[in-house]
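Morning, everyone. Please look at the sequence and the structure on the screen.

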Amino acid sequence: MSITVNVNGVEHQLDVDENTPLLWVLRDHLDLNGTKFGCGRGLCGACTVQIDGTPTRSCLTTVAAVSGRHVSTIESLVDQQPDLIEAWVDENVSQCGYCQSGQLMSAAALLATNAAPTDEDINVAMAGNICRCGTYSRIRKAIRRTAEARQ
């Protein structure tokens, strides 16, 4: 079946089964490998992308569900929110790095809707993203740093 998807501002015509998880379309058909496979059950957040600005688990979302919508992946943040990525690096957030693309996509969505998030706002927005290395305090610090620099 032919499906059109808009990923990072580019429309792609794909010949894939409509029930294919978006995660595999991104990785296997569009060569966007920044989005990671974690648990495959939507529990860890490693596969988080934004659909129309909302953090969404791409392992549970079918490609048919994003037809006519805008999908943003971690690859888009380099141009759209380099300050967030810089804060992530400056605060040494990443250890193993596996969860970071999902963490960054959730953080970017939070900052797009809340210019001055409290620690509670950050905790709620990031609750669905698991970091096995436990860098949650650094994640909060990087988000606060970005928010403060933007004001």
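First, a term. A polar contact is a pair of N or O atoms within 3.5 Å. Within protein, one of the two must be able to donate a hydrogen and the other to accept it. Keep in mind that this is a predicted model.

Now the layout. The domain assignment gives domain 1 as 2-73 and domain 2 as 76-150. Their centres, taken over C-alpha atoms, are 21 Å apart.

How do they touch? On the domain 1 side, 18 residues are in contact with 12 residues of domain 2. The size of an interface is often given as the accessible area lost when the parts come together. Here domain 1 and domain 2 bury about 1,100 Å² between them. Carbon and sulfur atoms carry 50% of that.

What about salt bridges between domain 1 and domain 2? The count is 0. Polar contacts are there, though: 7 residue pairs, both residues at pLDDT 80 or more.

Which strands supply the domain 1 side? β3 (48-51) and β4 (54-57) each give at least two residues to the side that touches domain 2. β3 gives the most, with 3 residues. By type, that side of domain 1 has 6 nonpolar, 10 polar and 2 charged residues.

Last stop, Thr 135. Find the loop between α5 (119-126) and α6 (136-150); Thr 135 is in there. Is Thr 135 buried or exposed? Its relative accessibility is 1%. Buried means under 20%, so Thr 135 counts as buried. Leaving out residues up to four places away in sequence, Thr 135 touches Val 93, Gln 95 and Gln 100.

Methods. Residues numbered from 1 in each chain as written. Predicted model: local features only at pLDDT ≥ 70, side-chain atom pairs only at ≥ 80, totals over all residues. Heavy atoms only, no water. Domains from an automatic or database assignment. Contact = heavy atoms within 4.5 Å. Buried area = accessible area lost by both parts, 1.4 Å probe. Salt bridge = Lys/Arg side-chain N within 4 Å of Asp/Glu carboxyl O. Polar contact = N/O pair within 3.5 Å; in protein donor to acceptor, adjacent residues only side chain to side chain. Helix = DSSP H or I, 4+ residues; strand = E, 2+ residues; numbered from the N terminus. Nonpolar A, V, L, I, M, F, W, Y, C, P; charged D, E, K, R; others polar. Buried < 20%, exposed > 50% of the residue type's maximum accessible area, 1.4 Å probe, protein only.
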